[in-house]
Structure formats: C-alpha cells, structure tokens
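Please open the model in a viewer and keep the selection panel at hand. The stops below proceed from ring pairs to a helix pair and then to the cores.

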Amino acid sequence: MNPAKTQTLLLFFAAEREREREREREMGKVEKEQLNRTLTEHLNTIHETFQVLDQNPASSLDKVAWNEVIKLGDQVSKQATVAGMLWTGERPEVKELEENMGTYFNMLQGFLLLSHGTKVGAGPTLYSCIHASVKQVVDCSFMLFKESVSSYGSSYRDRKLSIPPMVGTVWDACSALKKTPSTNITAIGRAITQVAVSVKDVLREMKELKPASAEPKDEDFEEASVKDDSGPHDSDDSCGGDLGNDLSPEEMKIAQLAVGVVSETLVVIKELIRFITSLNKQENPDNGNDFVNPLETLLKLCQESGLQVDEFGACLYPPQEFSAMKTAMEKISSVIDGMQVEVISLEGSSEAFFQACTGLRDLLREMKSELCSSITRLLPEMQNLVVSN
C-alpha cells in the first residue's frame with residue numbers, strides 16, 4: 001500500500017477514535033447531570049421529611065419501640081453495602097444506579113417515620129439523643145450518595161478508594177443506634193453520669209493542690225541563689241514551681257475542706273444515679289410529663305451542681321476567693337434542696353440519697369464556718385495594709 005495512503009488512513013482512524021472518546025465524555029457528562037438531578041430530588045424529599053418530623057409527635061400516636069428502629073437501621077446498613085458494590089462496579093448502568101437511589105431513599109424515609117414514633121412521651125433529653133442518632137444516619141447517607149455521584153465516570157480504582165469509606169460511615173451510624181438510650185430514665189441517667197465524670201475530674205485536680213514548701217535553711221538558700229543567678233532566665237519555669245503549690249497553711253485547710261465538699265457532692269450525684277436507675281421498672285409511658293418532668297428537673301439541678309463545683313475548684317488557687325466560694329456553696333445547698341423535692345415526688349428507694357445529702361450539708365456548714373473564721377482573721381491584716389499604704 002502507498003505510504004501516503006497508509007498515513008492518511010492512520011490519521012483518519014485516530015480522528016475517529018478521538019471523536020468517539022469525545023462522544024463518550026459528552027454522554028458521561030449528560031448521565032452524571034441526570035444522576036445529580038435524581039439525587040437532588042431524593043435529598044430534598046428526605047430533608048423536607050426530616051424538617052416536618054423535627055418536632056414532638058402528638059401524645060395520641062402509638063409509641064414505636066426503639067428495637068424496631070434498630071432493625072430497620074440494619075436494613076439501611078445492608079442497603080448501603082449494596083449501593084457501594086453497585087457504584088464501584090466497572091460499568092454501572094445509569095438506570096440501575098437511579099433505581100438503587102430510589103430504593104435506598106425510600107427505605108431512609110421509612111426509617112425517619114419509624115424513628116419519629118419512638119419520640120412519643122420522650123422528654124427533651126431522650127428526644128435530643130434520638131434526634132442526634134437519626135440525623136447521623138441521614139447525614140452519612142447523604143455523604144455516601146454525594147460522593148458516589150461525584151465519582152461517577154472516574155476510574156474504577158478511584159471509586160474503590162472513595163466510596164467504601166463512605167459506606168463505612170453509614171455502617172457506624174446504624175451500629176450506633178444500638179447504643180442510643182430508648183427510655184427517659186436511661187437518657188437522663190447517662191447525662192447525669194457525664195456530670196459525675198466532670199466532677200470527678202475537678203476533684204482529682206483539687207487533690208493535687210499542695211502546701212507551700214518549708215522555708216529553706218541558710219545554706220540551702222545560698223545554694224539556691226547561686227543556681228538561680230547562674231541558670232538560664234528565659235525558661236517558663238524560672239518564675240516558680242507548679243501552679244497551686246504555694247498554698248499557705250490557712251489556704252491548705254480551706255482546700256482540704258473543699259475537697260471534702262466536692263467529694264461528698266460526687267457521692268450525692270452517684271446516689272441520685274442509683275435512685276433514677278431504680279425507677280426503670282416503674283417507667284410507664286402513660287405517666288407522660290408527670291413522670292418525665294421531675295427527671296428533667298433533676299438533670300438540670302445536677303448540671304448546676306457541676307457548674308458550681310467548677311467554680312469551687314477555680315477559687316482554691318491563691319489568692320483564694322472566699323466570697324465566690326460562699327456563693328458556690330449557697331447554690332450547691334439550694335440545688336440539694338431542689339433535688340430532694342423532686343426525689344420525694346417520685347417513688348423509689350431514696351434513703352441512701354437523703355443520707356448523702358445530709359452528709360454534704362454537714363460539710364457545707366463546716367466549711368462555711370471556717371471561711372467566716374478566715375475572713376475574721378484576715379480583716380485586721382487587710383486594715384493594717386491599708387493604713388501602712
């Protein structure tokens with residue numbers, strides 16, 4: 001064959017291949033736009049459904065057991081696996097992908113409707129837990145399909161890298177449904193447990209407070225002075241020891257009393273958790289707000305006690321703030337009074353809780369007395385300081 005003709009044919013076939021690739025790119029672009037439109041419709045539907053259901057259901061509705069949500073969550077998780085396998089296939093068909101989206105989002109909408117039924121009789125705390133768990137499943141589902149559509153047309157390798165992790169987030173969200181509290185008692189008990197953990201952390205920090213070191217002997221003082229003069233002066237530690245290690249004997253006594261108060265506050269919270277747990281067998285959806293309201297009030301009071309414990313701990317570092325301590329103690333005492341009122345309104349074994357409250361009150365009185373004595377002793381010193389100035 002004539003070399004010139006051969007060259008012409010080669011150029012023709014190359015141009016044809018390029019035109020074919022261009023047609024495929026245009027077709028892929030059209031298909032991706034179609035998938036995007038379909039996905040947007042599904043996302044809008046789910047978003048609207050979620051907004052409609054983002055309110056307390058009527059008390060007249062039948063309550064749905066949380067186990068039913070868990071079961072449907074398992075189905076959502078399995079459907080996410082099917083979606084992941086389909087979207088990472090070598091040549092997935094658009095029609096099949098659209099059908100897959102329709103199946104998944106129909107199931108997700110049913111999941112939302114079922115979850116809404118579990119909120120019947122739920123107080124704010126339980127409602128918040130359910131809402132957060134359900135929203136996580138929805139958010140992860142959105143991310144899975146946004147990533148899937150976005151990666152449509154990319155290489156098989158790229159899709160295998162990007163889509164399976166998104167499927168994993170849906171699995172995790174659906175699995176977390178098993179850990180979501182299903183009753184007001186469980187939800188509030190867990191929230192109060194978080195307060196107990198916070199108080200325990202403050203208590204540990206308070207126990208680390210130490211008295212000021214004893215005055216050094218003359219030779220020790222001279223040796224320390226030499227080291228100080230010869231050592232570097234740009235260190236962050238050159239100004240002194242650890243924060244809180246310079247409490248005077250008077251301040252240390254106050255700190256020790258404060259540790260006792262916070263320790264006993266922690267005992268009160270633990271006994272409150274035991275009391276609430278003992279109500280599990282008595283929880284009855286028919287009780288409605290008559291049962292939920294005292295529990296929610298107890299949670300708020302417990303959270304207030306946690307805030308006052310934080311304030312207490314901050315006041316112990318020198319110079320100690322006696323006035324702020326007294327205010328915190330008064331608020332803790334008021335919180336205990338409020339807790340007892342709510343506990344009395346509920347039926348349960350509360351003797352241990354009331355004993356813990358009595359122990360805390362005794363320590364509060366003891367510390368208040370010590371603070372008053374300390375203030376009395378400090379007044380002359382403060383007056384002398386003012387006169388000397």
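A residue is called buried when its relative accessible area is under 20%, exposed when over 50%, and partly exposed in between (1.4 Å probe, protein chains only). The model is a predicted one, in which local features need pLDDT of at least 70 and side-chain atom pairs count only at pLDDT 80 or more, while totals for chains, interfaces and linings use all residues. Residues are numbered from 1 along each chain as its sequence is written, and side-chain values use heavy atoms, with hydrogens and water left out.

**Ring pairs**

Select Tyr104 and Phe105 to begin; both are buried. Rings of Phe, Tyr and Trp (its six-membered ring) pair if their centres lie within 6.5 Å, and planes under 30 degrees apart count as stacked, over 60 as edge-to-face and the rest as tilted. The count by this rule is five aromatic pairs. Tyr104 and Phe105 form an edge-to-face pair, because their planes stand at 75°, with the ring centres 5.6 Å apart.

With Tyr104 it makes a tilted pair, 4.8 Å centre to centre and 55° between the planes. This pair joins distant parts of the chain, 41 residues apart: Tyr104 belongs to helix α3 (residues 94–117) and Phe145 to helix α4 (residues 124–150). Helices (H or I, at least four residues) and strands (E, at least two) are DSSP runs, numbered from the N terminus. Phe145 is buried, at a relative accessible area of 0%.

**Helices α2 and α4**

Now display helix α2 (residues 66–87) with α4: their axes come within 11 Å and cross at roughly 10°. Axes are lines fitted to C-alpha atoms, for helices over the stretch in contact, and angles run from 0 to 180 degrees between N-to-C directions. Angles under 35 degrees count as roughly parallel, over 145 as roughly antiparallel, 65 to 115 as roughly perpendicular and the rest as oblique; α2 and α4 are therefore roughly parallel. Contact means heavy atoms within 4.5 Å. Residues to select include Trp66, Ala80 and Trp87 of α2, and Ile130, Leu144 and Phe145 of α4.

**Nonpolar cores**

A nonpolar core is a set of buried Ala, Val, Leu, Ile, Met, Phe, Trp, Tyr and Cys residues joined through side-chain atoms within 4.5 Å. The largest has 55 residues, of which Ile192, Leu272, Phe312, Met325, Met339 and Met367 touch the most other members. Its greatest contributor is α8, with 15 residues. Apart from it lies another core, of 42 residues, including Tyr104 and Phe142.
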